[in-house]
Amino acid sequence: MRRFFGFILLLTGLTATASEVPAPEQLVRTTSKEVLEVVKKENLSPADKRFRDLVEAKVLPSFDFNRLTALAVGKYWRQATPDQQAALAREFRALLIRTYSTAIGANKVQDINVKPVKMADTDTDATVRTEVVTTSGQPFPIDYRLLKTKDGWKVYDVAVEGVSLVTNYRTSFGQTIQKDGIDGLIKALVDRNAAQPAKTSAK
């Protein structure tokens, strides 16, 4: 469950000014602080609609879901039509949010330590390494891979305890596509989301 839990877990109590750290690191820190403050103040639980709304407003804008989905689908992405690509991104996004909402209930976060990022001003790809501290177990690492886009830095992959989210899904997605085609994968995602829907808005 941890590999999914780490997908959009950007929680930490650490603070820093924008001038002290690289932009990718600052993105993680700023988002973390905002989310953590609201969760603590309002005592939100994953089942609360306000929790999902908070994720939608504060966390999801930091992710490039099209790129993330394209990497997870792999070589089959280019074979998909624009409509199929849009459907894949929409359903994959909903799946990840639903999985996160389920997983977070099993992981009580105490803190997340964001490690300093060393990078040049000209770098367009960065990894922000963090360590999640929970009250229910040993700390575990979550690494966020970000790419600099025209809309700023965006997360396009997450690795939890060394396991890449993209790589993890690419195998199962590939098997489904080989068996049932791209439409078969879309249907499989739709069915999984319908079984335990997460209330999210399309972007």
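**View 1. The hairpin of β4 and β5, with E161 at positive phi.** In this predicted model, two residues lie between strands β4 and β5, and E161 takes a positive phi near 55° in this hairpin. Strands (E, at least two residues) and helices (H or I, at least four) are DSSP runs, numbered from the N terminus. Strand β5 comprises residues 163-164 and is joined to β4 by two bridges, the strands running antiparallel. Two strands count as paired if DSSP finds at least two bridges between them. S164 of β5 is the bridge partner of A159.

**View 2. Strand β4 and its pairing with β3.** Strand β3 (residues 140-149) runs antiparallel to β4, and eight bridges join the two. These strands also form a hairpin, with two residues between them. A159 of β4 is the bridge partner of D143. Eight of the nine residues of β4 (residues 152-160) are buried, so the strand is largely enclosed by the rest of the structure. Buried denotes a relative accessible area under 20%, exposed over 50%, and partly exposed the range in between (1.4 Å probe, protein chains only).

View 3. When neighbours within four places in sequence are left aside, P22, E25, T127 and V128 are in contact with V117, contact meaning heavy atoms within 4.5 Å. The C-alpha atoms of V117 and P22 are 6.7 Å apart, although 95 residues separate the two in sequence.

**View 4. Helix α4 and its two ends.** D64 caps the N-terminal end of α4, with a side-chain oxygen 3.4 Å from the backbone nitrogen of N66. Within α4 (residues 65-73), the buried residues include F65, L68, T69, A70, A72 and V73. G74 follows the helix and has a positive phi, near 70°.

**View 5. V38 in helix α2.** Helix α2 spans residues 23-42 and contains V38. The relative accessibility of V38 is 25%, so this residue counts as partly exposed. Residues up to four places away in sequence not being counted, V38 touches N43, L44 and L54. V38 and L54 are 16 residues apart in sequence, with a C-alpha to C-alpha distance of 8.3 Å.

**Notes to all views.** Residues are numbered from 1 along each chain as its sequence is written, and side-chain values use heavy atoms, with hydrogens and water left out. Local features need pLDDT of at least 70 and side-chain atom pairs count only at pLDDT 80 or more, whereas totals for chains, interfaces and linings use all residues.

Notes:
Polar contact = N/O pair within 3.5 Å; in protein donor to acceptor, adjacent residues only side chain to side chain.
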